[in-house]
Amino acid sequence: MPQRSLVAVYPGSFDPPTNGHLDLIARGSRLVDHLIVAILQNTHKQPLFALNERIEMIREATSPFPNVEVDSFQGLLVEYAAARDANVVLRGIRNMADYETEAQMALLNRRMRPETETLVLIAREEYSFLSSRMVKEIITLGGDVAPFVPASVSKRLEHRVSTEQ
Ligand code: PNS
């Protein structure tokens, strides 16, 4: 059988990255040869963390994984995947609501670029209720986010909230 190398893009907003994202990166990195975590430079949404901060946080948290790279993109995901010669888009789903969104994106992406296959991993049970949006709400309301995000992300969140109030 001819060997084909698998290059995957794991796209997202990662504002901020959570333990759920990190689990997906760890599991995805074992399935492919090279995994590019690609942060969307979203011009519509006002993110809590600037792009360079999100890049730094994910680089810190993924340093143990030698085949993981952190990058950013703007515009269409399939065009970025083509530019990076990626043949896989990696995404995670936590529940049926995620399934509907992800199925729609995967079908649209496949119609636009059939060469890229979407690989969906089911989130681990302990992260199935976790989202970046909820993490931001908890920290803003004075809660402890340490169980939900990497330690360096938790420190940055606490610092951000304390300097904003
Ligand atoms: O972390 P998120 O916000 O769930 O990630 C969503 C993301 C970045 C995967 C999605 O919005 C995306 O791919 N945006 C790029 C623009 C694009 O290609 N849109 C068409 C997708 S069908």
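Tutor: Let's start with F14, which counts as buried because its relative accessibility is 3%, and the cut-off for buried is under 20%. Keep in mind that this is a predicted model. F14 sits in the loop between strand 1 and helix 1. Its backbone deserves a look too: phi of F14 is near 50°, a positive value in a residue other than glycine. That loop holds another backbone feature. P16 also lies in the loop between strand 1 and helix 1, and the peptide bond that joins D15 and P16 is cis, with omega about 0°.

Now to the ligand. Which residues surround the ligand? The shell is P11, G12, S13, L40, F73, G75, L76, L77, R91, M105, L108 and N109. By class, that gives 7 nonpolar, 4 polar and 1 charged residues. Strand 1 (7-12) and helix 4 (96-112) each supply at least two residues of this shell, and helix 4 gives the most, with 3 residues.

R91 brings in its side chain, with a polar atom 3.0 Å from a ligand oxygen atom. As for cover, the ligand taken alone exposes 550 Å², and the protein buries 72% of that.

L108 lies in helix 4, the helix that gives the most to the ligand shell.

Is D85 buried or exposed? D85 counts as exposed, because its relative accessibility is 61%, and the cut-off for exposed is over 50%.

R84 takes us to the charged pairs. Side chains of opposite charge can pair when their charged atoms come close. Here E69 forms a salt bridge with R84, the closest N and O atoms being 2.9 Å apart. This pair links distant parts of the chain: E69 is in strand 3 (residues 68-73), R84 is in the loop between helix 3 (77-83) and strand 4 (88-93), and 15 residues separate them. E69 counts as partly exposed because its relative accessible area is 23%, and R84 is partly exposed too, at 27% relative accessibility.

Overall, the count comes to 10 salt bridges. One of them is between R156 and E56, whose side chains meet at 2.8 Å, N to O. This pair also links distant parts of the chain, with R156 in helix 6 and E56 in helix 2 (residues 51-62), 100 residues apart. R156 is partly exposed, because its relative accessibility is 21%, and E56 is partly exposed at 38% relative accessible area.

Then there's the pair of R124 and E126, whose side chains meet in a salt bridge at 3.1 Å, N to O. R124 counts as partly exposed at 37% relative accessibility, and E126 is partly exposed with a relative accessible area of 37%. Going back to the R156 pair, salt bridges that share partners join E56, E60 and R156 into one network.

One last stop: V145, in the loop between helix 5 (132-140) and helix 6 (151-164). V145 counts as buried because its relative accessibility is 0%. V145 and K45 are 100 residues apart in sequence and 22 Å apart in space, C-alpha to C-alpha. R156 and E56 are likewise 100 residues apart, but there the side chains meet in a salt bridge.

Terms used
Residues are numbered from 1 along each chain as its sequence is written. This is a predicted model: local features need pLDDT of at least 70, side-chain atom pairs count only at pLDDT 80 or more; totals for chains, interfaces and linings use all residues. Side-chain values use heavy atoms; hydrogens and water are left out. A residue is near a molecule or strand if one of its heavy atoms lies within 4 Å of it. A polar contact is a pair of N or O atoms within 3.5 Å; within protein, one must be able to donate a hydrogen and the other to accept it, and residues adjacent in sequence count only if both atoms are side-chain atoms. Accessible areas come from the Shrake-Rupley method with a 1.4 Å probe; for residues, only the protein chains shown count as cover. Helices (H or I, at least four residues) and strands (E, at least two) are DSSP runs, numbered from the N terminus. Ala, Val, Leu, Ile, Met, Phe, Trp, Tyr, Cys and Pro count as nonpolar, Asp, Glu, Lys and Arg as charged, and the others, Gly among them, as polar. Buried means under 20% relative accessible area, exposed over 50%, partly exposed in between (1.4 Å probe, protein chains only). A salt bridge is a side-chain nitrogen of Lys or Arg within 4 Å of a carboxyl oxygen of Asp or Glu.
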